[in-house]
Amino acid sequence: MSKKKIEERIAFTLFRLLGFSVLALLLALLGFIVYNGAGVLSWEFVSQFPSEGMTAGGIFPAIVGTLCLVVGSMIVAFPLGIMSAIYMVEYAHNVKVARFIRIMTNNLASVPSIVFGLFGMALFVNTLGFGDSILAGSCTLGILALPLVIRTTEEALKAIPDSYRTGSLALGATKLQTIHRVVLPAALPDIMTGLVLSIGRVSGETAPILFTAAAYFLPHLPRSIFDQVMALPYHLYVIATTGVDLEASRPIAYGTALVLITIVLLMNCLAMLLRHYLGRKRAKG
């Protein structure tokens, strides 16, 4: 066997081992959470309010609050992110301007999440007067997810062949009509990848909602977007660290983590199914 073949086999073996190592790490993490949290799961745990200093009862308000914040953040991040990416790919003919926006987007993605929390508290909670609320938390998480949405949408738009655009323009469509009816539908399955990644990004954040939306305990569900909410990440942080009997609350912490992971996986699966459906629809069309 030649030296090149041996080196190639060694490299492929190394890559394979690294890939399986990542998979094993993920399975170990999920197995640990499932093993410690499965015994807590019950209908009462996911449908009742917490009680006795959050060492008993359920986590239903935190589940509802997390879903409200995730959906709200996607409502904020997706329109802004998609329109920003459309501008950079379709309209920003000045390369320097597009490059500057891209650099700023990358810098925004590297900002620690707690800084987003402080910014959200200063702007949305205090300056705009939203208070600690779903609206303030959703806007803060939306800004947090914005760089990811912009970059994934930008790559999805770049992947569309220019022949789609020129063909549409040759048939008499305007630039806006071409983007709306040709480019975006073709790129939508790949844009959904940004949705999947963004959901995972914002659903587990604690620092931003700590300053803008989360409450320690609420005896009722939110009635409007200006109400505070309980959220699974903050709930998990509280019962695992401060203010309660740690030994009594540890099983609840693992159960809360398991519910949070399950919700994220379910939302990701729904987004992936939608992506697959849109991809098949595009292929048939």
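Trainee: Where does UniProt place the feature "transmembrane region"?
Mentor: The coordinates come from a predicted model, in which local features need pLDDT of at least 70, side-chain atom pairs count only at pLDDT 80 or more, and totals for chains, interfaces and linings use all residues. Residues are numbered from 1 along each chain as its sequence is written, and side-chain values use heavy atoms, with hydrogens and water left out. UniProt positions follow the numbering used here, with feature names shortened, and annotations may be inferred rather than shown by experiment. The unreviewed entry puts the feature at residues 12-38, 58-87, 108-128 and 252-274.

Trainee: How far apart are the end C-alpha atoms of residues 252-274?
Mentor: Helices (H or I, at least four residues) and strands (E, at least two) are DSSP runs, numbered from the N terminus. Residues 252-274 are 100% helix and 0% strand, and their end C-alpha atoms are separated by 33 Å.

Trainee: How many helices and strands does the protein chain have?
Mentor: From the N terminus on, the order of elements is α-α-β-β-α-α-α-α-α-α-α-α-α. The secondary structure of the protein chain amounts to eleven helices and two strands.

Trainee: In which element of the protein chain is confidence lowest?
Mentor: The confidence score is pLDDT, the predictor's confidence in each residue, from 0 to 100. The protein chain averages 85, and 94% of the residues score at least 70. Helix α5 (residues 113-127) has the highest mean, at 92, while the lowest, at 72, belongs to strand β2 (residues 56-57).

Trainee: Is S138 buried or exposed?
Mentor: S138 sits in helix α6 (residues 134-158). Buried means under 20% relative accessible area, exposed over 50%, and partly exposed in between (1.4 Å probe, protein chains only). The relative accessible area of S138 is 5%, so S138 is buried.

Trainee: Which residues does S138 touch, not counting residues up to four places away in sequence?
Mentor: Contact means heavy atoms within 4.5 Å. With residues up to four places away in sequence not counted, S138 touches C68, L69, G72, S73 and V76.

Trainee: Why does A85 count as buried?
Mentor: A85 belongs to helix α3 (residues 60-91). Leaving aside residues up to four places away in sequence, A85 touches I150, T153, E154 and L157. A85 counts as buried because its relative accessibility is 0%.

Trainee: How far apart in space are A85 and Y164?
Mentor: In sequence, A85 and Y164 are 79 residues apart. From C-alpha to C-alpha, the distance between A85 and Y164 is 18 Å.
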